[in-house]
Amino acid sequence: MTTQFSVADVELELFRYPKAQESNLQAWDAADEHLIKTLLEIGQDAVPTAIINDSFGALSCALSKLNPNWPLFIETDARTSYLGSIQNHEHNHLPTDNLNWFTSRDNLPKDLGLVLMKLPKNLTYFAHQLMRLSHVLPAGTRILIGAKAKSINSALLDLFAKHLGPATASLAWKKTRVINCISDGKSRELPKEVSWPIPEYQLQISNLSNVFAANKLDIGARIMLDNLPKGDFNTIVDLGCGNGVLGLRMAQLYPNANIHFIDDSEMAVASAKANWLRNGLASDKGHFHWDDCMTHLPDDVEPDLVLCNPPFHQGEAITDHIAWQMFLDARRRLKKGGILHIVGNRHLAYHVKLQRLFKNCTTVASNGKFVVLQAQK
Ligand SMILES: C[S@@+](CC[C@H](N)C(=O)[O-])C[C@H]1O[C@@H](n2cnc3c(N)ncnc32)[C@H](O)[C@@H]1O
């Protein structure tokens, strides 16, 4: 894995977040390099610039390096992206006074002169981001989007025309293209929130646009719900909570327990909180954390149960290193005798990881595709 980012005179050393992880994935991709190369070719001035979906700060670090006073307005839904960008600025001795942070629900300022974006995997979320941009960008503002060439087709270019303004794609370079979109200055209406029921558990769920399982229960979550652990639980963590469905069900079953919902996605945490309120659960028992696994969970939270349906990708990359980090954090934070209860695709062989970490692992349930496993600290 290389950590040396190099485009023309811009040299950086970049790491993913957390720096130490069970993966050899790189902290940026060729589309980041293509965007910086494009800016250098057009001789871009340091105008107020929004950076959207920057994975671990490659774009913001490159612009800070080109001009430490470049005003940057950084929109991200991922806590790991925020933490990684700060880590990489500090590692490269770059200032951070020029950085202004926004979640994907905050309004960006109206005086932007340029927008740089990476194309996310979730196109519903991307369309939502374009519509939100249409509320703040004056006609004629340039938006440059870096993406893999294979992800760009006429349907994607139509998405720009529909939600923000006309767009054209550059020639390919290192199997990537930069899309050049010019905002037309017309504000688009955001889609109405949709919610869906889980009748057998009397739950009503809604998801913001970047939340896992857009409009129906995930099949892994379903087998988990059908096989939840029983015990005298006081403090439960729903780790990688998404819309919060697992923790919500536990709150119904254990109304006296404190339930901590954690997700890397700010929209997920906001959805879990909205679903908590929507389903009329006790206001003082739900706790919501936008975090990378349990990195910043307060020390006085001592879980006796961690529930987890771990992610198996990060952005475009298929990886089980986050699952591994979640299991490690659970082992670190569980009370002695506490339980980690997980669901996973059978082929991911999580039982090997749990056995290695906890020295025990029980199969609670399984079907052709999924397995529910439990380990005790
Ligand atoms: C497979 S989904 C499960 C969602 C929900 N618990 C369910 O069962 O429907 C995995 C979740 O982990 C979250 N996630 C990914 N990386 C994370 C990290 N580093 N820290 C915390 N959550 C993370 C994702 O945003 C996603 O919501």
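Let's start inside helix α1, which covers residues 30-42 and is where you will find Leu35. Keep in mind as you look around that this is a predicted model. Is Leu35 buried or exposed? Its relative accessibility is 0%, so Leu35 counts as buried, the cut-off for that label being under 20%.

Arg177 lies 142 residues away from Leu35 along the chain, yet the C-alpha atoms of the two are separated by 8.7 Å.

Now zoom out to the whole protein. The secondary structure comprises 10 helices and 20 strands. How compact is the protein for its length? The globule rule gives 21 Å for 377 residues, and the radius of gyration here is 22 Å, which is close to that value, so the protein is as compact as a globular protein of that length. If you follow the C-alpha trace along its principal axes, the spans are about 65 × 40 × 40 Å.

Finally, let's visit the surface. Which residues form a positive patch there? They are Arg331, Lys336, Arg356, Lys359 and Lys377. Strand β20 runs over residues 370-376, and Lys377 sits in the segment that comes after it. With a relative accessible area of 31%, Lys377 is classed as partly exposed, because that label covers values between the 20% limit for buried and the 50% limit for exposed.

Notes:
Residues numbered from 1 in each chain as written. Predicted model: local features only at pLDDT ≥ 70, side-chain atom pairs only at ≥ 80, totals over all residues. Heavy atoms only, no water. Patch = residues over 30% accessible without salt bridge, like charges linked within 9 Å, V, L, I, M, F, W, Y side chains within 5 Å. Areas by Shrake-Rupley, 256 points an atom, 1.4 Å probe, with all protein chains shown as cover. Salt bridge = Lys/Arg side-chain N within 4 Å of Asp/Glu carboxyl O. Lys, Arg positive; Asp, Glu negative; His and termini not counted. Charge placed at Lys NZ, Arg CZ, Asp CG, Glu CD. Helix = DSSP H or I, 4+ residues; strand = E, 2+ residues; numbered from the N terminus. Buried < 20%, exposed > 50% of the residue type's maximum accessible area, 1.4 Å probe, protein only. Rg over C-alpha atoms; globule rule 2.2 N^0.38 Å.
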